Structures are given as structure tokens and as C-alpha cells.
Amino acid sequence: MESIDYLPQSSDLSPSILSFLGEKFQKEEDLQKATGLVLELQKRCSDLDHNLISLNQRLETSVVAYASHSERICGLFDGIKAKLSDLRSSTRVSGSFLGREGKDLGRAEQILVEELPTLAKEVARVEAVRIYAETALKLDTLVGDIEDAVSSTMTGHLRKHRSVANSEELRMHAIESLKLVEDVLSSVAKSRPQWTRLVAAVDNRVDRGLAILRPQAIADHRALLVSLGWPPPLSNLNSPNANEGKPSEVLNPLFTMRGELKKQYCENFLALCSLQEVQRQRKYRQLEGHNREVALHQPLWAIEELVNPISLSSQRHFLKWVDKPEFIFALIYKVTRDFVDSMDELLQPLVDEARLMGYSCREEWISAMVASLSTYLAKEIFPSYVGQLEEDSVTGVPSQARMAWLHLVDQMIAFDKRVQSLIVHSGTLLSIKEDENLQRISSMSVFCDRPDWLELWAELELSETRDKLKPELENERRWTTIVQGTVLSGSEDYKSPAVASDFIYRLSAIIERCRPLPSIPLRAKFVRLAVAPIIHEFLDCLLHRCQEADGLTALADDDALIKVTNSINASRCCESVLKEWCEDIFFLEMMSDQDCQMGIKSDDSLTAETNEGPVSNIFDEEIMKLEDFRKDWVVKISTAVLRGFDAQSREYVKNRKQWHEKEEEGWTVSKTFVGALDHLQGKILKLEEGLNGIDFVTAWRSVASGVDRLFFNGVLLNNVKFYDGGVQRLGGDLEVLFGVFRAWCLRPEGFFPRLSEGLKLLRMGEKQLKEYLEVDKEKWLKENGLRHLSVTEVEKIVKNRVFIS
């Protein structure tokens, strides 16, 4: 009897099985599908069994690998656990522990002080070894990928049929690996600076790879440029009048490329930019602790490859224009301008995609073109011009060499202004510091590497300015023609002669020519070499004219006085202009820049200090000399006026009897004093007419002080007996004297302190003067307001005062 398999009870089945059977067997005819369903379920179970076996095998392999890798670590942790157990047992406080306090405390201290720190150091060392090993393995893998990619691209060049796309993919793969290596090295340099050997070893291998990768990428880029038709023909660009009239139409190969060729060029350009960005990041890490900004910003490689063939093709045209540099500048400017738009529209997006920070294709294109021009100027044009100047110095025969040099500088200045406008008008922000940027987009950067050429240029400018200024200085009409009105904004009328305006104009012109120099130390050096000597020579001319006038008439003649006042006014005007210039940022930068000050001090003929200490601006020495000249000659013309007044008043001073008598009837002033007063007033009016307002105030105050000293010593201290009538006469004469100066101040007696106080003393009563002889004299002088007279002088005047009872 066959055994019968009974179906299990529905209560023995799980809800999921019941649900599954309910879905599969809803009708009676569904029972016919039971065999197929059983086979399907068996197949699923078999697949699950195979998956389970595979998972078990992988788990077993992983466990074995983990066990072998962590066996040493587990041993270390077991040791740590044992030592911690010993530490716990040794520090447990109990009665027996307290009984053996000395011995057990020593063991606990040994564990805490010696064994536990040693154990912690060992754990940290093991962890550092593990991290080092993992980092080295990771770097070795990445560098290996770079070397494999470089090797593959090299072998690809040997195949007859190679895929360009595959070559670019290999290059981009190598660049991505380079970026990953650099990220790891940057992290190591910050977190593990002691791993210098690991970093140096990796850098060495990376350098070897880059030594192959970069030249290969550049070679591919050059081949693509040739296939594009770059550089464009310059035959229609080399016209001397390229900047005049309607510009010639030039096809830009960068705009005309299409299809696969354009794709290849863009991929290669992108790879070259990405490679340069990796190199920039490496330099940034390697220059840690140094001046990174100086070395980090390098010209854009891809733009240099566009400029180099243009530079080479241009030079055959330049050879014909050595004596006509304006054609050279015109051609370079036209090429720069005609292709600058393609840099913004086509190439800048690729640079941005490469994440090459701080680069503007427009700026790089312009700076590369200017650099190529500067290189040609430094190698071909300037040496030729220097040779011509040397020949002139040997033969002594004047030629056009100096004019040719200055004409070349004029062309450079005009070219730089036009080129810089291409950047400014585009709205592009300059990517680096101003001076460094100016050097990159200025043809005058040739002077940065050749300071001897700068000195030669300054010498030529100085000679040219001298030649132009000499006839103006020798023209006497320019010294007598007074320029009315203010020279500076907000200043007063300096009444300066026209020659001062001529001098300032020439001085300003030579300063303007050095403004485009792309370096603050260079500008400062040029100013000291070319501008300062002109100021000194002008000052010498002023001094010579004044000495000539003084030697001929001792300034007693009005014409001589006018000659000196005109020179003083010219000095005052130039001094004010120099002070205003020194407040300009152009000159302030020169004194704030440390390199500039060192550059000035490096030349024995130039100094950044004067006898009175360090300078605060570049024209301090010249301004001081102008001030000294002006002050000295204001004193001298004041002395000349005093000499004339002294001569005119000598009879009046010597007449000792007049102080015994009253003033003459019908006269408010002594007759013998009238001529002196007239002379004094006439000379001061002449000074007012000819001298500028500031120095005139100094002059008349100096005259007043001299008259005060002269009369006080000649009259009041001359042992003259003063009677009441004499005091009245002296008071009237001094009142007229004070009146001469009342036109320029409200209280002139304040500028004659000794005469005023001497007269006040003479007018005191007899009782009051006798009181002076009996009390504290110093206190009496203060109480009576006599602050400018000494005790000896007062005693002398008091003794000469005669009272008639």
C-alpha cells in the first residue's frame, strides 16, 4: 500500500504562504499549473542557495584577511588591556593596600609616569605607520596611473592609426590623476609636515611625468594651430597707415574653424589649461613660506602658443622699420586689437571650465603681444640706438640719435596708452597687483631689466629740457613780465615772472613722460636723475641773478630791488608747486615704497636724507633749498632798506640837542626825520608792489624790527638827556613812524616793542620813576607792562630822564 502524503493544515501555514497560494490557485483549472509552479520555486531556491554559498565564501575570505591584518593590533590591545588591569589593581584602595603604602604607591607612580605614556606613544606610532602606509600606497597608485597614461600617450604616437580622442582621454586621465595627487600632497603638507621625504619622492616622480606630458601637449597644440591656418597672414596688416582709415578685413582662424577640428582644438586647449592649473597648485604648495605672488602668476601657455608664431612672422617686417618704430607699434597694436575679441568669446569659457583662477584671456593676449614687442625692442632696437649714441659721444658730431631715442620713447608711451585702453574699456578687472600688471602690458618694461638704459634716457631728457629752457631763462623779458593771477588752485597771487611758468611747464612735461614707467622705484630714480637737476639749475640761476644785482648796487637801486623780488617770487611759486605735487599719489607712492627708497639710496649721487633728517617726500631737498634761498634774500632786501633808512636818518639820530626842546611849531614831525620816513615808505611800497603777499609780510615786519632796534639803540640808549619837550618831540616822531606801517596792520606799535615801551617809560612821572629805584625792579617792570626791556636798559633810560620843577 503506497504511502499517502497529507497536506498540512491551513493553521500550520504562515500568512505569507496562504496569501501566495490564494493568488496562484483561485480557480480549479489553476491546479493544472501546480507542476510548473513547483519547478519555478525549486529553481529560485537553488539560486538562493548558490548566492548564500558565495556570500559565505566572501565573508570567510574577508574575515581571514582582517584577522591577518589586525593580528598585531589585537596583540597590542591585549597588552594594553593587561597593563590597564595591572593599573586598576595597583590603584585599588584597601586595607592591605594602605598597609603597604610606600611600595604600592611607587609602583602606581611608575605606571602613571613611565609605562602609560610609553604605551600611548607606541599606539600613536603604530597608527602613524598605518596612515603613512595607506597614504604611500594611495600615492603610488595615483602616480602609477599618471605614468601609465603618459606612457600610453607616448606609445600612441608610434602607431600608424591612433585615435585623437583616445589620446586626449589619456591626457585628461593623467591630469585628473595629477589633481588627486596634488590634493593628497597638500593635505600631507598641512597635517604631516614631517613627511618631507615622501612628498619629495612623489614630486620627483610627478616632475618626470610632467616633463613628458607638457611638451607633448604643447606639440599637439602647435600641430592643431598649423592645421587651423595660424598665424594669419600679416601682409595686409603691415601697412604703415594700418590705424588710419577703414581697417582691413582679416579672417580670424579661431572664428572660422568648424566641426571635428574645432572640437579637437577646444579639447587640447582645455587640457593645456588644466595642466597649467595643476602646475600652479603645485607651485603654491612648494612655495609655502615664500613670496608666492611673485612666482605664481605665469603667462597662459595656450595664449603664448598663439602669440609666438605671430611674433616670429612679424619680425621680418620689423627688420625694415628699425628707423621707423611707429610702423612696428602700429602693426602690433592692430594685430592685438583685431584678435582680442576672440579671446573673450571663444577661449575665456575654456579657461573658466579648466578652473584656472585669476586669468583673463583678453589680458593674457594683450600682455603676451606686448611682451613679444618688448623682447624685440630690448634685443634689436635699443642696442642699435645705444650704439648710435656711443658713436656720437666718440666723434663729438651731433646727429639725430638723441631725437631718434626720444621719438622711440614717445611711440612707446602712446602705444602703452592705446593698449591699456583695450583692457580698461572692456571692463576687465586687473588680475594682479598694479605695478606687476603694468609691467606685463607696458612696452616700457624694457627699462625694468636695463636700469642703464633708464639712466641714459633720463640724461637725454635732462639735456633736451636744458636746451628748451635755456633761451627762456636768457630772455630778459620773461623775467620782467609778471604773470597775474594764481598759479595753483586756491592759492594767492605770487606775482611770479613768466619764466617761472616756463620752468614749471618744462618740469611738468618731463614728469609726465616718466609716469607710464611700470615700476615705482624706476619712476623715483628717473625723477631724481632728470627732474631734480633741473630744479637745482633753476635755483642756481635765481641765485646768480640776485648776486649780480646785489654786487652792482647793493640793492639800493629800485631796478636791482625789482630783480631780486622777481627771483623771490619765482622761487615762492616753484616751491608751492613742488609742495602741491608732493601731495599727489604719484609722488606719495615713491616715498611709501621701501624698494623705491632703497633704490634711491643705492646710488651715491642720490640720497633719501638731508642734513636735517629723513625726507618726507621726494622733493624735500629741493623745497628746502628754495625756502632757504627765499628767506635769505628776503632778509637781504630788508637789510638793504634798513641801510638806506639808517643813512637817511643819521643826522636825526646824531642831533642830541633836539631832545631838550619842544617840537617845532607847525610841524608834527622833526624836519630832519622827514626824508628818512619818506625813503622808508617809498621802499616798502616798492616791495609791496613787487613782492608776493607772503614774503612781503615777512619783509616789512623784518624792516619794522630793524628800525625798532636801530632807533632804540641810537636814541634811547645813547646817553641822551630827555626833557619834557624832547619826550613830546620823540612821541610825535614815533607816531608818524608807526603811521608808515599802519597801511599793513591795525596796531603798528606792536611791531616796535622796544621803542613803544621806551617811550612809555619816558612818559612816566617823576614819582613813579623814583619808585622804580627803591622797589624790586623785576616785579616793577611786570606790573608796569614793560616786558621787552631789561633792568639795565630801564635804569639807563631812567637816569637820562630830566624833570624841571
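Visitor: Let's start with α6 and helix α8 (residues 259–286): how do their axes cross?
Guide: The axes of α6 and α8 come within 10 Å and cross at roughly 150°. Angles over 145 degrees count as roughly antiparallel, so α6 is roughly antiparallel to α8. Keep in mind that this is a predicted model.

Visitor: Left-handed or right-handed, that crossing of α6 and α8?
Guide: Left-handed, where α6 passes α8.

Visitor: And how do the residues of the contact of α6 with α8 divide?
Guide: There are 14 nonpolar residues in that contact, along with six polar and six charged ones.

Visitor: OK, now α6 and helix α10 (residues 301–318). At what angle do they cross?
Guide: Roughly 45°, and the axes come within 11 Å. For reference, α6 covers residues 196–228.

Visitor: What's the handedness of the α6 and α10 crossing?
Guide: The crossing of α6 and α10 is right-handed.

Visitor: Which residues make the contact?
Guide: From α6 you get R214, I218, H221, R222 and L225. On the α10 side, W301, A302, E305 and L306 take part. Sorted by class, the contact of α6 with α10 has five nonpolar residues, one polar and three charged.

Visitor: Switching topic: where is T135 found?
Guide: T135 sits in helix α4, which runs over residues 101–156.

Visitor: Is T135 buried or exposed?
Guide: Buried: the relative accessible area of T135 is 14%, and the cut-off for buried is under 20%.

Visitor: What does the side chain of T135 reach?
Guide: The backbone oxygen of I131, at 2.8 Å.

Visitor: And which residues does T135 touch, not counting those up to four places away in sequence?
Guide: T135 touches V184, V188, W195 and L198.

Visitor: Last one: at what angle do helix α13 (residues 401–424) and helix α16 (residues 451–474) pack?
Guide: About 110°, with the axes of α13 and α16 11 Å apart. The range for roughly perpendicular is 65 to 115 degrees, so α13 and α16 are roughly perpendicular to each other.

Visitor: Which residues in α13 and α16 meet?
Guide: α13 brings R402, M403, W405, L406 and V409. They meet W453, L456, W457, L460, E461, S463, E464 and D467 in α16.

Visitor: How many nonpolar, polar and charged residues has the contact of α13 with α16?
Guide: Eight are nonpolar, one is polar and four are charged.

Notes. Residues are numbered from 1 along each chain as its sequence is written. This is a predicted model: local features need pLDDT of at least 70, side-chain atom pairs count only at pLDDT 80 or more; totals for chains, interfaces and linings use all residues. Side-chain values use heavy atoms; hydrogens and water are left out. Axes are lines fitted to C-alpha atoms, for helices over the stretch in contact, and angles run from 0 to 180 degrees between N-to-C directions. Helices (H or I, at least four residues) and strands (E, at least two) are DSSP runs, numbered from the N terminus. A crossing is left-handed if the near helix is turned anticlockwise from the far one by less than a right angle, and right-handed if clockwise. Contact means heavy atoms within 4.5 Å. Ala, Val, Leu, Ile, Met, Phe, Trp, Tyr, Cys and Pro count as nonpolar, Asp, Glu, Lys and Arg as charged, and the others, Gly among them, as polar. Buried means under 20% relative accessible area, exposed over 50%, partly exposed in between (1.4 Å probe, protein chains only). A polar contact is a pair of N or O atoms within 3.5 Å; within protein, one must be able to donate a hydrogen and the other to accept it, and residues adjacent in sequence count only if both atoms are side-chain atoms. Angles under 35 degrees count as roughly parallel, over 145 as roughly antiparallel, 65 to 115 as roughly perpendicular and the rest as oblique.
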